[in-house]
Every structure is written in C-alpha cells, then in structure tokens.
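This report takes the structure below from overall shape to single residues. Please keep the 3D view open while reading.

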Amino acid sequence: MIAVLDYKAGNLTSVKRALDHLGFPCKITNSHDEILKADKVVFPGVGAAGKSMESLGELGLDRLLWRLFEARLPILGICVGLQVLFDMSQENKTRCLGILPGEVRRFPEKMRSGTGDFLKIPHMGWNAVSFGNDHPVFQGIPAGSEFYFVHSYYPQPANPDITAGMTEYGITFTSAVAFRNLVAVQFHPEKSGKPGLRLLHNFCLWNGVS
Amino acid sequence: MLSKRIIPCLDVRDGKTTKGIKFKDNIDIGDPVAMGRYYYEQGADEIVFYDITASSERRPIMLDVVRRVAETIFIPFSVGGGIRTLEDMRDVLLAGAEKVSVNSAAVLNPDIIRQGAEAFGNQCIVLGMDVKKVAVSDKIPSGYEMVINGGRTYMGIDALWWAREAERLGAGEICLNSIDADGTKTGYELELTRLISTSVRIPVIASGGAGEPQHLLDVLNQGCADAALIASMVHYGTYTIEEIKNFLSRNGVKVRSSW
C-alpha cells in the first residue's frame, strides 16, 4: 500500500488517480498509523511552502517524514513536496524540514528568452529534464522527455551530488533530486503523460536503494 | 527551454461535446471523455472544457464529466463556464481539474479572483477574457474593451487595465479571447495578444480565430503568446495536433514533440 500524504495541500487526487491507473494500491491519508504501515510514501504538493509547512506541523507529519526517511522507506516528493525537504524556502521565508541541505529560491526577475522576451513567472508548461545517472526511478524515460511544471521557486541543493535532473528556464536549475531512499521532483509526474506515468511506475517498484 | 503549449478547447452542453465530425478511429464525438482522451493521445499539451449548458442543473452533469476526464487523461485540464463562486471552483478542482477559468463572474465581482487564488493557489485560477476592438477613448485608452454575454454586453472596462488588475488580484494565467476573431478562422488577434502578453508577467493563452497552423505560428511569435487555444481546426479533422506541432517545429517554435 502506498500512502499519499494528505496535509490539505491542494489537489491530491491527481496522484491517486495516476497510481490507480497504473494498478498500484494507494490511500490518501494523514493517519500516522496508516502511513507507518505503508510500503512507500508519496509526498505531493500544490500551493505555497509556508502554508504547507504549517499544515505538516499541525498534523505532526513533519516529524513523521523524518522518521520515514530514517527508516529507509522509499519516499517520492512532488513540487512543494520537494521544496519543503530543504532547509528553507524564500517563499514566505519559510523554515522547512531540513532533510536535504540547501534552500529554495525564487526565479530571478527579468529573465529573458533567446528572442529577448521576458520569461513569465510561474514557470508553467512542458520543459525537458535531463537526468544525470542511472537511478532506478528514472529508468526507461527517453532522453529529452518533457514534464509539466508549474512553480515560481526552485531548489538549490547545497550538495550537487544529490541533483538527479536539471532543467533550463532562463537559468539551469535542479529539477530532480535523489538521496538514499528519497527521490523528489519539481515537476508533476501525474500530469506529464507517458514519461510521468513511467516515473511513477518505476517509483512504485523501487526498493529505496539508489 | 519551456515549450509553447497547444490546447484544444471542447464546448460541453448537458454533458456532451457539441462540435466535431467522426474521426477515423470512430471516437464518439459527443463524449467529452473520449474526446479528451483522443486529444491527450494525439499530443495536446493541456485541454480546456467549457460548460455551455444553459440549464440551472448544469453543475452535477459537468462535475461527472470532470471526474471521468480526470481518471482518463494525465495532462493538465481546465474547466470554465458558469464558474461564479468559491464553491463552484472547489467542486471543479476537487473533481479533478487542475485549473478553473472565470470570465464574466470576475468582471462583475473581481474579488472572486483574489478569493480563489488565496483558497486554491494562483496557478489554479485562469482569467478568461472576451475582448472587442473599439475606438480609442478616455475610458478605453487601449482600444480594446471587455465584453460579456458572448460579446453582446460592453462593460466600459479597458481590457489592458483589466488584465493587469486581474494579475494583481492573483490570477495565475490569462486566456485571451478575441470576439472579433472568434469563429473567423482567419487568424488570432495579434495586436491584442501582443499587447496583453507583453504587459503582464503571467502566461497568456491566445484564443479565437485559428484556422491553420500559420495562425499559431503568428500568435506564438508576433503575438508573444505562451500558448494557443484551438477548436474547429482540430474538431473537424482539418489538422491533427501532430501536423500543427510539426509545422511549428519546422518554423523554429519550441513545442513538445513526443508524447
């Protein structure tokens, strides 16, 4: 059973629907008992870092996530679920979980495209991710595959070794990280068609070892 | 770099899609879920569903469509048409849509944008704008006026001012429809699109007037649009999404080319 963390952070049903479609039993829950019995955890997120950390705190899920990480349970973080893993986010100047050293920054203002137009914020739409190594969760995803992004802040890991995927939008930024039993992505695999479904499928079969 | 998005738009009345001819794969063109699935498989980057049901019992029918679409396609989709309140937005988002689009409700009650953005996040709120070209005046300095009721009611509001105001209130994206161009198949309203897209920092989807791939090339380049809405071009089988994307690619526009 895969637990999809419910911390009132927007629409979680997309993730569940994708997992249902792939045939992996899952449950949207914030019950500590249920989560601790799960084989894997998906930590989704839509919205803002500040509000998310607040909700996680209220539900005790902040401490629980640390426990799960230390217990080597496979964890997949998505979007805000990636961002709050770091030390802090510039969004609402939020102190985050600190599982991954580094911070989350806002895209610089006034970035321009090759043709000179201002790049819009949020970064919204399909963009390519180049995956660095042979991580099991990114297996079989064709090079140059595009995924769906919608965000105004991006992660800046303190340790470049945990960067597993990079994307270009004005700047080149880390769009996927992998560290021990944790994989986290800035984009939405549940909204990224085939390559996204492949990523989710891989995660559902992963034993948590990199 | 970010790809430009090609977005088919489906009108839904009483739970059935209203436009189109039979495709060779025998898709039920009246079934919005089947049509959504078809466009998803054909490479659409997002899909828009507009509920044009007239009756007051529209909501449950449309929510059922939304739920079934969400189980079938794994790309973002948005829903508009008759969205007036926070409850309307919540129902649609919980049913599985990524975004909701507000149009006349926002013109009449701008605060709904702010409320929606605060409750659900800016990225969930799309401002639909129906615009007509008019004579430049003190009241309408841009020469483009906001209209509602399918273009029948002029609101005395400048479209450029309104776009900026909606951005300030928290809209995450604008879907800009030219009433003048809509249905003509002679191209999008390039001047209007460029004006709005270069004046706000949020993404702008061009809408109204597409008849051939060249029109999309024009609006994505000269019009500076981030995305283009298409309807009859694809609903009647005149072009496939693949053909449109190949054309754009050959002409230097970055589009998602595998799916």
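A residue counts as buried if 20 or more other C-beta atoms lie within 10 Å of its own, as exposed if 12 or fewer do, and as partly exposed in between. The model discussed here is predicted.

The table sets out one C-alpha to C-alpha separation for each.

| Pair | Apart in sequence | Apart in space, C-alpha to C-alpha |
|---|---|---|
| Gln156(A) and Gln83(A) | 73 residues | 9.4 Å |
| Arg72(A) and Asp33(A) | 39 residues | 17 Å |

Gln156(A) sits in strand E11 of chain A. Neighbours within four places in sequence aside, Gln156(A) contacts Gly102(A), Glu103(A), Val104(A) and Arg105(A). Arg72(A) lies in a loop, between helix H4 (61-70) and strand E4 (75-78) of chain A. Not counting residues up to four places away in sequence, Arg72(A) touches Asn181(A) and Gly208(A).

**Chain A as a whole**

Chain A holds 6 helices and 14 strands. Its radius of gyration is 16 Å, close to the 17 Å that the globule rule gives for 210 residues, so chain A is as compact as a globular protein of that length. Along the principal axes, the C-alpha atoms of chain A fill a box of roughly 55 × 35 × 30 Å. Of the 210 residues in chain A, 51% are buried. Take the contacts in chain A between residues at least 6 apart in sequence: 69% of them join residues at least 24 apart.

**The sheet that holds E11**

E11(A) belongs to an open sheet of 4 strands with mixed pairing, in the order E6-E5-E7-E11 (chain A). Strand E6 (94-95) and strand E11 (153-157) of chain A stand at the edges; each has a single partner strand, so one side of each is left without a neighbour in the sheet. Strand E5 (residues 88-89) of chain A pairs with E6(A) in the antiparallel sense, over 2 bridges. Ser89(A) has Thr94(A), in E6(A), as its bridge partner.

**Helix H1 of chain A**

The buried residues of H1(A) are Thr13(A), Ser14(A), Val15(A), Lys16(A), Ala18(A) and Leu19(A). What covers them? From chain A, the cover includes strand E1 (2-5), strand E2 (26-29), strand E3 (40-43) and H6; helix H2 (58-72) of chain B is also included. Just after H1(A), Gly23(A) takes a positive phi of about 90 degrees.

**Between the chains**

In chain A, 31 residues are in contact with 26 residues of chain B. On the chain A side, the elements that give two or more residues are helix H1 (13-22), strand E8 (123-128), strand E10 (146-151), strand E12 (163-169) and helix H6 (193-205). E8(A) gives the most to this side, with 5 residues. By class, the residues of this side of chain A divide into 12 nonpolar, 11 polar and 8 charged.

Nonpolar side chains tend to be buried together in soluble globular proteins. Here the largest nonpolar core has 150 residues, of which Val100(B), Ile174(B), Ile205(B) and Ala228(B) touch the most other members. Helix H6 (residues 159-169) of chain B supplies the largest share of this core, 6 residues. With residues up to four places away in sequence left out, Val100(B) touches residues including Ile83(B), Met89(B), Val92(B), Leu93(B) and Cys124(B).

Conventions. Residues are numbered from 1 along each chain as its sequence is written. Chains are lettered from A and ligands numbered from 1 in the order in which they are written. This is a predicted model: local features need pLDDT of at least 70, side-chain atom pairs count only at pLDDT 80 or more; totals for chains, interfaces and linings use all residues. A nonpolar core is a set of buried Ala, Val, Leu, Ile, Met, Phe, Trp, Tyr and Cys residues joined through C-beta atoms within 7 Å. Two residues are in contact if their C-beta atoms, placed from the backbone, lie within 7 Å. Ala, Val, Leu, Ile, Met, Phe, Trp, Tyr, Cys and Pro count as nonpolar, Asp, Glu, Lys and Arg as charged, and the others, Gly among them, as polar. Two strands pair if DSSP finds at least two bridges between them. The radius of gyration is taken over C-alpha atoms; the globule rule is 2.2 Å times the number of residues to the power 0.38.
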